[in-house]
Amino acid sequence: MTAHKPGDPTTLNRLYGRSSGHKLRKGQQELIDKLLPAIAVPAEGELTAQRLFGDDRPLHLEIGFGGGEHLAHRADLLPDHGFIGCEPFVNGVATALAHVRDQRLANVRIHMGDALDVLRRLPDESLLMVYLLHPDPWPKARHAKRRMVNDGPLALIAAKLQPGGELRLATDDPTYLNWSLMVMQRWTGTFEWLVNQPGEWLRYPSGWPETRYAAKARREGRVPHQLRYRRR
């Protein structure tokens, strides 16, 4: 893999593979057909808080929200903040839409597609928080360039985070954990690793719920690690 200097927004490739799984149930399809268009991120143009939510509230972005339980929990916890969730898989989007409906969350916008498309259209220094929870580890070495924790995507995330904003990363994959620590070490001038006590990265910070994916990892003997980085 070609090395890049921190801050070099290199060409960014699509970071996911297939976009559909099992056939949607009737109720799920109705959510895709009716609710998603009402809360979808606009397909074009700059994505300001004013455009998305009608005011200048703090913005959060979740990259690959899976079933949306973390996204819904955070949105419910902070109703005066705006949450943008990005997920390419239609089944996950349908599950997240059910959370939005059932919890009556007016502060969520969803993009069914690549998070990089959304990141590019956000104003610089517009995000308070970015969440990257249990991303696809792309375990084969030849696919390492597809990992979200790479210099190109990190340059984009750094540009969009406010000074003092936070990047939260979780993984239960040892290879991805080691990779992430190695890559983030190159970014110490931009991101400060928030770890104050031994073993802190094995515990969930306040307001960070355990997702179904993390719970499954624990049942199968894998250890989720939670990393927090502050934008300097």
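**Close-up views of a predicted model**

**View A. Trp-138, a buried residue with a positive phi.** With a relative accessibility of 13%, Trp-138 falls in the buried class (buried is under 20% relative accessible area, exposed is over 50%, and partly exposed is in between, using a 1.4 Å probe and protein chains only). Its phi is positive, about 40°, even though Trp-138 is not a glycine. You'll find Trp-138 in the loop between S4 and helix H6 (151–160); helices (H or I, at least four residues) and strands (E, at least two) are DSSP runs, numbered from the N terminus. A note on the model: it is predicted, so local features need pLDDT of at least 70 and side-chain atom pairs count only at pLDDT 80 or more, while totals for chains, interfaces and linings use all residues. Residues are numbered from 1 along each chain as its sequence is written, and side-chain values use heavy atoms, with hydrogens and water left out.

**View B. Glu-125, in another loop.** Glu-125 sits in the loop between helix H5 (115–121) and strand S4 (127–133). Here too the phi is positive, at about 60°, and Glu-125 is not a glycine.

**View C. Strand S1, covered on both faces.** Why does S1 (residues 59–63) count as largely enclosed by the rest of the structure? Because five of its five residues are buried. In a regular strand, side chains alternate between the two faces of the sheet. In S1, Leu-59, Leu-61 and Ile-63 are on one side, His-60 and Glu-62 are on the other, and all are buried.

**View D. The partners of S1.** S1 pairs with strand S2 (residues 82–86) in the parallel sense over five bridges (pairing takes at least two DSSP bridges between the strands). In that pair, Leu-59 stands opposite Gly-82. S1 also pairs with S4, again in the parallel sense, over four bridges, and there Glu-62 stands opposite Tyr-131.

**View E. Asn-107 and its surroundings.** Asn-107 is in the loop between helix H4 (90–103) and strand S3 (108–111), and at 4% relative accessibility it counts as buried. A polar atom of its side chain lies 3.1 Å from the backbone oxygen of Leu-78, and the backbone oxygen of His-81 is also 3.1 Å from a polar atom of the Asn-107 side chain. Leaving aside neighbours within four places in sequence, Asn-107 is in contact (heavy atoms within 4.5 Å) with residues including Phe-53, Arg-57, Ala-75 and Phe-83.

Terms used: A polar contact is a pair of N or O atoms within 3.5 Å; within protein, one must be able to donate a hydrogen and the other to accept it, and residues adjacent in sequence count only if both atoms are side-chain atoms.
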